[in-house]
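These are my notes on a structure I went through element by element. I put down what I looked up and what came back.

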Amino acid sequence: MIAQETARIMVEQGIEKYHTAKNKAAENLNFHNLGCLPRNSEIEEKLKEYYRLFDGQSHQDKMLKLRKIALSVMDLFCSFQSFLVGPVANGTAAAPLINIHLSAENIEDVMQHLDEQSIAYKHYTRQLKTGHQTTKDFKGLTFIYKNTDIEVTVFTHKEIKQTPLSRINNKPMKRIKAKALKELLVISGPSF
């Protein structure tokens, strides 16, 4: 019940943080004192179920649009090895935010590329799990592209070979290369 309520809250209230939504769901259901909250992987399954049941075609259309924009961003960074990750890759995106991992020996190369495209950006640092007990800070850039927030996390050529672990299920993140994304978009077609 808490997982289902968490998914509803995340979609309807636009809350992206699993922990925040879980606590709110537990409070709504008067289970906040039980201390037993669902795993993020259970919530992700309920998110997919919620979209399928209550937001079907609308969500599919939104995912198709976001994935097309993601492919366009990946084409923009064609000289860098890039992967689509996060909610758009998983099909659970509620907000217009696209996460990309890309490879460059230093972030300045990516900054120069964006400067050449006249795209304004801001810096951020993201902590990602690189092992079951280890995390590492990665630098990234955020910018607006086709009215969509884009986050590009930069890995060295060596680091990009090891897929970070998902905070949702503690397994390697789902990463989609541009070629696979193109194939997915062809299969999805206009009706997704």
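In which helix is the place of Leu-64? I find Leu-64 in helix H4, residues 56-76; helices (H or I, at least four residues) and strands (E, at least two) are DSSP runs, numbered from the N terminus. The model is predicted, so I note that local features need pLDDT of at least 70, that side-chain atom pairs count only at pLDDT 80 or more, and that totals for chains, interfaces and linings use all residues. Residues are numbered from 1 along each chain as its sequence is written, and side-chain values use heavy atoms, with hydrogens and water left out.

I checked the cover of Leu-64: its relative accessible area is 7%, so it is buried (under 20% relative accessible area; exposed is over 50%, partly exposed in between, with a 1.4 Å probe and protein chains only). From Leu-64 to Glu-27 I read 34 Å, C-alpha to C-alpha, for 37 residues of sequence.

Next I turned to Glu-5, which is found in helix H1, residues 2-13. Is Glu-5 buried or exposed? Glu-5 counts as buried because its relative accessibility is 15%. Leaving out residues up to four places away in sequence, Glu-5 touches Ala-25, Asn-28 and Leu-29; contact means heavy atoms within 4.5 Å. With Asn-28 there is also a side-chain polar contact of 3.1 Å. For a polar contact I took a pair of N or O atoms within 3.5 Å; within protein, one must be able to donate a hydrogen and the other to accept it, and residues adjacent in sequence count only if both atoms are side-chain atoms.

**Entry: the sheet**

I followed the strands across and got an open sheet of 6 strands with mixed pairing, in the order S3-S4-S5-S2-S1-S6. Strand S3 (122-129) and strand S6 (176-177) stand at the edges with a single partner strand each, so one side of each has no neighbour in the sheet. Two strands pair if DSSP finds at least two bridges between them.

S3 and S4 run antiparallel and are joined by 8 bridges. Opposite Phe-138 in S4 stands Arg-126. S4 and S5 are also antiparallel, over 6 bridges, and Tyr-145 has Thr-148 in S5 as its bridge partner. Their hairpin has 2 residues between the strands, and Lys-146 there takes a positive phi near 50 degrees. S2 and S5 pair in the parallel sense over 7 bridges, and Leu-97 stands opposite Asp-149 in S5. How many of the 8 residues of S5 are buried? I count 7, and S5 is mostly covered.

**Entry: rings**

I searched the whole structure for aromatic pairs and found 5. Rings of Phe, Tyr and Trp (its six-membered ring) pair if their centres lie within 6.5 Å; planes under 30 degrees apart count as stacked, over 60 as edge-to-face and the rest as tilted. The pair of Phe-77 and Phe-143 is tilted, because its planes are at 55 degrees, with centres 6.3 Å apart. This pair links distant parts of the chain, 66 residues apart: Phe-77 is in the loop between H4 and strand S1 (82-85), and Phe-143 is in strand S4 (residues 135-145). Phe-77 is buried at 0% relative accessibility, and Phe-143 is buried at 3%.

Phe-138 and Phe-155 make another tilted pair, 4.5 Å centre to centre with 35 degrees between the planes. Phe-138 lies in strand S4 and Phe-155 in strand S5 (residues 148-155), so the pair ties together parts that are 17 residues apart in sequence. Both are buried.

I then looked up Arg-175. It lies over the face of Phe-83, 4.7 Å from the ring centre, and its charged end sits over the ring of Phe-155, 5.3 Å from the centre. The test was NZ of Lys or CZ of Arg within 6 Å of the ring centre and within 35 degrees of the ring normal.

**Entry: cores**

Which residues of the largest nonpolar core touch the most other members? Of its 34 residues, they are Phe-77, Leu-84, Ile-98 and Phe-143. A nonpolar core is a set of buried Ala, Val, Leu, Ile, Met, Phe, Trp, Tyr and Cys residues joined through side-chain atoms within 4.5 Å. H4 gives the largest share of this core, 9 residues. A second, separate core has 14 residues, among them Ala-3, Ala-21, Ala-26 and Leu-47.
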